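Dear colleague,

Please find below the structure that I am handing over to you. My notes on it follow directly after.

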Amino acid sequence: MHIDALTSMQPEITGVLISTIDGFEIASKLLSDLSAAKLAAMTSSLLALSGAMCTETGSGACRDLVIDADTGRVLLMELSCRKQDLVLAVLCTDKVTLGQVLWAVRDCREALSRRLNVL
């Protein structure tokens, strides 16, 4: 429900993945040629690395990671859940306005978090 709303509001979003912090897929809406399992594993590794970087530099806890590439952007965000730590990964085209998509994804993350913590 929230993932569908996010992708319909933001046509530049090409994929969404919710995974566990240790790299296992929970839910996804990805292009058919993408592997949710591989993406979940890579998400876990990237967040671990960025968390270590933030700790090492004294930046505090890492909440979000934005990867800006030639033809798109990848947003990785913590998704708060009482039962276990989750990650929200969002794939976007390079046409996306970063501030607008960050706002939309953070809003989706908050809605998902509220829903997950009620269940």
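In which loop does R63 lie? R63 is found in the loop between α2 and β3; helices (H or I, at least four residues) and strands (E, at least two) are DSSP runs, numbered from the N terminus.

Residues are numbered from 1 along each chain as its sequence is written, and side-chain values use heavy atoms, with hydrogens and water left out.

Confidence
The chain has a mean pLDDT of 89, and 97% of its residues reach 70 or more; pLDDT is the predictor's confidence in each residue, from 0 to 100. Among the elements of the chain, the highest mean pLDDT, 94, belongs to helix α2 (residues 36-57), and the lowest, 83, to α1. Where pLDDT is low, the predicted coordinates should not be read in detail.

R63 is exposed, with a relative accessible area of 57%. Here exposed means over 50% relative accessible area, buried under 20%, and partly exposed in between (1.4 Å probe, protein chains only). Not counting residues up to four places away in sequence, R63 touches L76, M77, E78 and R109, where contact means heavy atoms within 4.5 Å. The C-alpha atoms of R63 and G51 are 8.4 Å apart, and the two residues are 12 residues apart along the chain.

Helix α2
With 22 residues, α2 reaches 31 Å from its first C-alpha to its last, close to the 32 Å expected at 1.5 Å a residue; the expected span is 1.5 Å times one less than the number of residues. Its buried residues are A36, L39, A40, T43, S44, L47, S50 and C54. They cover an arc of only 145° around the axis, so they are on the same side of α2; the arc is that of the directions from the helix axis to the C-beta atoms. An α-helix has 3.6 residues a turn, so residues three or four places apart point the same way. The buried residues of α2 pack against β1, β2 (25-29), β3 (64-69), β4 (72-79) and β5 (86-93). On the face turned away from the buried side are the exposed residues A37, K38, A48, L49, M53 and E56. After α2 comes G58, with a positive phi near 70°.

Cysteines
How many disulfides does the structure hold? There are 0 disulfides, a disulfide being a pair of cysteine sulfur atoms within 2.5 Å. The sulfur of C54 has its closest cysteine sulfur in C62, at 4.2 Å, which is too far for a bond. C108 is likewise in no disulfide, as the nearest cysteine sulfur, that of C92, is 12 Å away. Both C54, at 17% relative accessibility, and C108, at 7%, count as buried.

T7 is placed in helix α1 (residues 2-9) and is buried, with a relative accessible area of 15%. Leaving aside neighbours within four places in sequence, T7 is in contact with I13, V16 and K29. The side chains of T7 and K29 make a polar contact (3.2 Å); such a contact is a pair of N or O atoms within 3.5 Å, and within protein, one must be able to donate a hydrogen and the other to accept it, with residues adjacent in sequence counting only if both atoms are side-chain atoms. Q10 lies in the loop between α1 and β1 (13-20) and is buried at 5% relative accessible area.

Yours sincerely

Key:
Predicted model: local features only at pLDDT ≥ 70, side-chain atom pairs only at ≥ 80, totals over all residues.
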